[in-house]
Amino acid sequence: MIKPTAFDKALKSIENISLARVAGRLVRANGLLLESLGCQLVIGQRCQIEGSGGELIDAQAVGFDRDITYLMPFKQPQGLMAGARVFPAEKNSEMLIGDGWLGRVINGVGEPIDGRGKLEGDTVLQQQLPQIHPLTRKAVDSPLDVGVKTINGLLTIGKGQRVGLMAGSGVGKSVLLGMITRSTSADVVVVGLIGERGREVKEFIENSLQAAGMAKSVVVAAPADESPLMRIKATELCHAIASYYRDRGKDVLLLVDSLTRYAMAQREIALSLGEPPATKGYPPSAFGIIPTLVETAGNAQGEGTMTAIYTVLAEGDDQQDPIVDCARAVLDGHIVLSRHLAESGHYPAIDIGQSISRCMSQVTDKSHQQAARGLKQMYADYMAIKPLLPLGGYVAGVDAGADRAVRLFPAVESFLRQQVDECCTLESCISDLATLAKA
């Protein structure tokens, strides 16, 4: 048998060399929406657009109309020109994930932005939203300690629960998330800072997470100046990362700030594609992606758990805002922050009357539930007669329940208040609540 020479090998390798690279051309730029002709792209497929200086701009196909393919860049494009070549990507780049991601800050496409070099990993990260079959979901049957008295005691969250943190702007959502992040008993924390102010990224890392919290966290940041596509990708990447650690048997806490910015990013893309607005300017697809996203969180088969907390911006403090209403319908509970409480210096400004945890009965015992209901009743009784107190309209001895509410309200209010740097374990919360119920 004649052994092939190096020349024969070189000739054979020529067959695998592509002599021409398929390329389309850019024909229109309308805001962030770009139109191309001449190359076939599957929706969701990535491509690269050649800029005026020869640089390549990453984009993704988001729609089509006959021969025209609509593209959306991941970052603010520079150097676009008519006729620029569009190169389709044969496959999306793979991301390798591992424990080396803990303590890192990345953007929506998995690029590190903390200046600490390349991300290390040994497992390919599934970039699509993970799907969980409803019959294989593990039940929510154990509580998660978040270190906040009001939540631990009255709105207990279970491992695998999905909760909405709903409030208007400037009421303390991000501060409360920071308290939860520092104090939680979860093994891994995945934080998504989606569409918020750019300065909050560093502040959240240094002030809220701090060194101890950052060591077990992965932060995915897509500030408000990022493209809507990057904000959507960052939100979905958070869920993919959290699912990876859950499937490895970890107790994972996913924090997304905010779900509203995710829906707003989808609104920008959908309106650019010509989808008609439905409610308050939101197209139907903006409401359709919320349950799709939320259903990827929660428990799956295996020992790991994945708890998710989403902040939801109630525009104008309207709790009937369409995004708030949609999120409330698909989540396993909601925590409402009150501007009135915040203005009176009551922090965290949790309105216990409007808030509920739908899984609390599954993760707490009967005595805990009775004590929580009793405190809520006392708080409601006091709020009902509070306007009468300055006017002298309240007469002691007429209603025993009202008398008890007035007598114990200072202790109840003290239980509901908490300093930003204070941590209260689940056991101590239950003990304080039981003591208050017996008073």
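This is a predicted model: local features need pLDDT of at least 70, side-chain atom pairs count only at pLDDT 80 or more; totals for chains, interfaces and linings use all residues.
User: Between which two domains does the largest pocket lie?
Analyst: Start with the lining of the largest pocket. Two domains give residues to that lining, so the pocket lies between them. They are domain 1 (19-86) and domain 2 (94-363).

User: Which helix gives the most to the lining of the largest pocket?
Analyst: The largest pocket holds about 790 Å³ of space and is lined by 32 residues. Strand 4 (56-65), helix 5 (228-247), helix 6 (259-272) and helix 7 (284-294) each supply at least two residues of this lining. The top contribution is five residues, and it comes from helix 5.

User: Which strand supplies the largest share of the lining of the second largest pocket?
Analyst: The second largest pocket has about 510 Å³ of space. Its lining draws at least three residues from each of domain 1 and domain 2. Strand 3 (46-50) and strand 4 each supply at least two lining residues. The largest share is four residues, from strand 4.

User: How many charged residues are in the lining of the second largest pocket?
Analyst: This pocket is lined by 26 residues, and among those nearest its centre are Arg46, Asp58 and Glu111. By class, the lining has 12 nonpolar and six polar residues. The charged residues number eight.

User: Are Tyr244 and Tyr245 buried or exposed?
Analyst: The cut-off for buried is under 20% relative accessible area. Both Tyr244 and Tyr245 are buried.

User: How far apart in space are Leu154 and Asp365?
Analyst: Leu154 sits in helix 2 (residues 149-154). Its relative accessible area is 1%, so Leu154 is buried. Leu154 and Asp365 are 211 residues apart in sequence, yet C-alpha to C-alpha they are 12 Å apart.

User: What kind of peptide bond joins Asp257 and Ser258?
Analyst: Ser258 is in the loop between strand 13 (251-257) and helix 6. Omega for the bond between Asp257 and Ser258 is about 15°. That bond is cis.

User: What is omega for the peptide bond that joins Tyr347 and Pro348?
Analyst: Pro348 lies in the loop between helix 9 (339-343) and strand 16 (356-357). The bond joining Tyr347 and Pro348 is cis, with omega about -10°.

User: Is Arg66 buried or exposed?
Analyst: Arg66 lies in the loop between strand 4 and strand 5 (68-73). Phi of Arg66 is positive, near 60°. The relative accessibility of Arg66 is 76%, so Arg66 counts as exposed.

User: In which helix is Gln210 found?
Analyst: Phi of Gln210 is near 60°, a positive value in a residue other than glycine. Gln210 has a relative accessible area of 41%, so Gln210 is partly exposed. The residue is found in helix 4.

Notes. Residues are numbered from 1 along each chain as its sequence is written. Side-chain values use heavy atoms; hydrogens and water are left out. Buried means under 20% relative accessible area, exposed over 50%, partly exposed in between (1.4 Å probe, protein chains only). On a 1 Å grid over the protein atoms alone, a cavity is a set of points where a 1.4 Å probe fits but cannot get out, and a pocket is an open set with protein on both sides within 12 Å along at least five of seven lines; lining residues have an atom within 4 Å of a point. Grid points are joined across faces, edges and corners, and a volume is the space filled by probe spheres set on the points. Domain bounds come from an automatic or database domain assignment. Ala, Val, Leu, Ile, Met, Phe, Trp, Tyr, Cys and Pro count as nonpolar, Asp, Glu, Lys and Arg as charged, and the others, Gly among them, as polar.
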